[in-house]
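Student: Could we go through this structure together, one step at a time?
Tutor: Gladly; let us look at it first.

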Amino acid sequence: MASFALFGISVSRGISIGRAHLIAHAAMDTKHYLVPQEKVEAEVERLQQALSTVQKELETIWSNLPVDAPVELGAFLDVHAMILADSMISKEPFNIIRTRRYNAEWALLTQIEELSAKFDHIEDPYLRERKADIQQVSERIMKVLTGTPTDYHPVSPESDSERVDMIVVAYDISPADMLQFRDDTFCGFVSEIGGRNSHAAIVARSIDTPAVFGLAGALSLIRQDDWLIVDADAGIVIVNPTPLVLEQYRARQAAQTKARKKLTKLKRTPAVTIDGTPVALLANIEFPDDCTAALENGATGIGLFRSEFLFMGRSGNVSRIPGEEEQFEAYKKAVTLMKGRPVTIRTLDIGADKPIGTPESSTLNPALGRRAIRYCLAEPELFLVQLRAILRASAFGPVKLLVPMLVHAFEIDQTLALIEQAKTQLREANRKFDENIKVGAMVEVPAAILGLPMFTSRLDFISIGTNDLIQYTLAIDRVDPEVAYLYNPLHPAILSMLSMTIWAADKAGIPVSVCGEVAGDPHLTRLLLGMGLREFSMHPAQLLNVKQEVLSSDLKILKPKVENILALVEEEAIEKAVHDLQLDDMTAGGT
Ligand SMILES: C=C(OP(=O)(O)O)C(=O)O
């Protein structure tokens, strides 16, 4: 059996070894034929039945969601249910059967191809991504029409000793499919299409399963039951590895498992550097229930509660506006779950990759449009509802209020005035809240950094949003896959921005944190520590990795090394120096 490697896009991390389980791409085997006129209504009925079956399937998956299912899954399933109910699926294919007499599969495929072609011309990357959702829903219907089982589980082997882990190989994997594979039998995912920002990629990361996507031709190159190694750290899939390669990967896999076990022991260890400097490691959350994962990974607070996810709810955009009571309950739940640890709630950060669902959200350049605080200041009534809800939650534990996308002094002043107005309204209603609640800003636009005194003189703290900062500094849309290769946190301009902000905030005497992805990347922990950062906020899954870096770092050794890195002007040289910095054994006094 020939051994070969396929190179794709790494969407999660880790290594899995198992046998290939191929999922046929139903749409590819579709038969095309004309239905006799007298059988047209029966064909319509066949399609209707298939739609009802898929609707029931989605409902079943919804109601069987495990308690620990990633929060995104519910939202993704909801998007699929909405697509199924939309007239583009629930009406148009029926018209095609009736007018052109196409069989149900052909009618559905015709409609999906027409829709897909339209999506190719859409500028908005978020909407463009919905093409994959539509195709996944149609694939599900197609499987029912063609009688291909949608319950993919293979027959379980008789005994545990015979049990072999399986790796799913598919054309595309929907988040709902992923849920069906989520048991001990499946240990990895390989797909022909999809990228780092696809919904399935997000789910793969949150269930911590190795996955490599974008492997064109995988279904024709890999055969059922081939041995596979999915190396998600490198984005490689090795098919039928030689015994030597297999042995090396098994050793790497065992070392990773051991390292993870060791990491969990750090949960209660305080995050303090070798020289005794304490570092705050906080969690980023989207929903109150995420506090459980934050606490399990030893978070000492919530550094970023992305409140907009409550607004995006189960309908995918912000057309659903929760009222004051609903918001208050959600914020209070997070505060209560965190048991006295600080919870930083960011006000609505909508627009661009988190669409508002109104016509203005489809402006040509939403990332530069009326989003986040710009939207809130234009809709003060909606903003006041949120401010009151956050303030009321502050009566139950320490809450900080974080405002996104501020650029101008007048925006800060208007925001502060609205906070005062919300406080007055609560006093009049005899509602309790923390009168001295701290108010801070996300620093995520170069203008905010260059004009930082506007912020430090008016606010209590700042939090650097590196995801947007990199987007706006390097002029690359953070969700556009075509420019993803330009997204580099180690660009000298980004390093200057970060060190300048940390230094200036320190000088002004106000706390500064980083809450973008950079904070959760253990390769960058020492760099940020050396710049002077003492507060990191990240996805809960990264907390222990970053803590391990903190524990093995000595600031006395780090500082001069980071100063040297900050003097470098070439990306390649910076990358090498940061890599070397991470390898430096500081427990032995450094190199
Ligand atoms: C944390 C950030 O915010 P977002 O929710 O937009 O990723 C950021 O921009 O770094």
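This is a predicted model: local features need pLDDT of at least 70, side-chain atom pairs count only at pLDDT 80 or more; totals for chains, interfaces and linings use all residues.

Student: Which helix supplies the largest share of the shell around the ligand?
Tutor: The residues surrounding the ligand include Leu-304, Arg-306, Thr-466, Asn-467 and Asp-468. Strand 10, which covers 302-306, and a helix covering 466-474 each supply at least two residues of this shell. The largest share, three residues, comes from helix 19.

Student: How many residues of the shell around the ligand are charged?
Tutor: Arg-306, Asp-349, Glu-444 and Asp-468 are among the residues around the ligand, and Asp, Glu, Lys and Arg count as charged. By class, the shell has two nonpolar residues and four polar ones, and the number of charged residues is four.

Student: In the largest nonpolar core, which residues touch the most other members, and which helix gives the most to this core?
Tutor: This core holds 94 residues, and those touching the most other members are Ile-302, Ala-334 and Phe-536. Leaving aside neighbours within four places in sequence, Phe-536 is in contact with residues including Val-279, Leu-281, Val-514 and Val-546. With seven residues, the helix that gives the most to the core is helix 15.

Key. Residues are numbered from 1 along each chain as its sequence is written. A residue is near a molecule or strand if its C-beta atom, placed from the backbone, lies within 6 Å of it. Helices (H or I, at least four residues) and strands (E, at least two) are DSSP runs, numbered from the N terminus. A nonpolar core is a set of buried Ala, Val, Leu, Ile, Met, Phe, Trp, Tyr and Cys residues joined through C-beta atoms within 7 Å. A residue is buried if 20 or more other C-beta atoms lie within 10 Å of its own, exposed if 12 or fewer, and partly exposed in between; C-beta atoms are placed from the backbone. Two residues are in contact if their C-beta atoms, placed from the backbone, lie within 7 Å.
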